[in-house]
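Here is a short briefing to read with the model open beside you. It covers a pocket and a sheet.

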Amino acid sequence: MTQHTTGTPARRPLDGLHIVEVSSFVASPLCGLTLAQLGATVIRVDPIGGAADINRWPHTDGHNGAPVGTSIYWTGLNKGKHSVTVDMRSPEGQQTIQDLVTESGAGGGILVTNAGGRDWMSHATLSAIRPDVITLELLGGSDGTPAVDYTVNAGLGFPLLTGPTDHDGPVNQVLPAWDVVCGLYAALAITAAVRRREATGVGAAIRLPLEDTALSISSALGYLTEPQVNSSGRPATGNDVYGTYGTDFETADGGRVMVVALTRRHFRDLVSVTGTEQVVASLETALGADFDSETDRFEHRAVLNALFGKWFADHSTDHVCTALNATSVLAQRYRSFDEVVSAGTLAHNDLFATVDQPGIGEYLAAGLPARFDGEHFHTGPAPDLGSGVS
């Protein structure tokens, strides 16, 4: 795999920033990774032997000569960082962390952590040493109590809307979405605090709970507004997209395709490709519906699903995808991660670059998804634990 390299551009937006990250799991390391991709020097500090996530699954299984037991998870979230290990219970180790934060020059004085509640690492303590220090503490619950993505999500409502409509009980989502959103909000908050400090010389004590992140997004998307202004919240809709027309169909050879028709053009093209123009017109008359209306398409989705489903059931997955790709309809065949990788397309996507990761070997790793002047930013591999700052 030699299509792309991880060469560092001459200048990135956050070149010159120095971030100290005392963290574990997803949100905090993702914040540091994002800042590193944007050019910041990020020093991850762990206890001797590593934090609780040092051996988190998935692990390498020895395939292709890689050692057994390296955490793919840890290396993925810590690419491009430096690694320092200290005894955080000792005065010497605590002093090392304070020095890393406060003695890092004009672009330093920045701490990101989800290991808060320690006086020696608090904003009050660090700002007494360096008045313009920026600290960001990632918490669990809004009140500071411990919480993780799955417990926050359970208390918010999404698992009761997720899964088949005939399933009695909650279904957890696989993606730790709130961890991801929180980590990206954290990176945004750090860059905003740096911008303010450059203009005013003032530091910042930032507190970012995972639960507040989930509540904020849920409010913005209307999930928490509906119960306040309507009679109740939205119902579970299974694989049907809420409020518009979209669902999944099974094909003749057992494949499944997700189809979304957001606009009138999308829907008309779906009707045309499935050869159901006359039947759909008759349905509109019989139901008193207007399928140019997103509301009517959603409300009558069950009968539309049954109608379109016959065309999908009569054709192979390849035929369906080829036909839909020639229209404006939004559609994609369901694929596994194995299928995504085996398709070989990652090697031709400049979002990905070859990383030679100690303990794993060479693989294609994604960089920053945003392009700056046409370029994705990539980092080198994750460091060896405790390898220091070069």
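How much space lies in the second largest pocket? The answer is about 540 Å³. This is a predicted model, in which local features need pLDDT of at least 70, side-chain atom pairs count only at pLDDT 80 or more, and totals for chains, interfaces and linings use all residues. Residues are numbered from 1 along each chain as its sequence is written, and side-chain values use heavy atoms, leaving out hydrogens and water.

**The pocket**

- A pocket here is an open set of points on a 1 Å grid over the protein atoms alone, where a 1.4 Å probe fits, with protein on both sides within 12 Å along at least five of seven lines.
- Its volume is the space filled by probe spheres set on the points, which are joined across faces, edges and corners.
- The second largest pocket is lined by 14 residues, and Leu161, Thr162, Gly163, Gly238 and Asn239 are the closest to its centre; lining means having an atom within 4 Å of a point.
- By class, this lining has six nonpolar, six polar and two charged residues, with Ala, Val, Leu, Ile, Met, Phe, Trp, Tyr, Cys and Pro as nonpolar, Asp, Glu, Lys and Arg as charged, and the others, Gly among them, as polar.

**The sheet**

- Three strands form an open antiparallel sheet in the order E9-E10-E11; strands are DSSP runs (E, at least two residues), numbered from the N terminus, and two of them pair if DSSP finds at least two bridges between them.
- Strands E9 (245–250) and E11 (330–333) are the edges, each pairing on one side only.
- E9 and E10 (residues 256–261) are joined by six bridges, and glycine 246 has valine 260 in E10 as its bridge partner.

Conventions
Helices (H or I, at least four residues) and strands (E, at least two) are DSSP runs, numbered from the N terminus.
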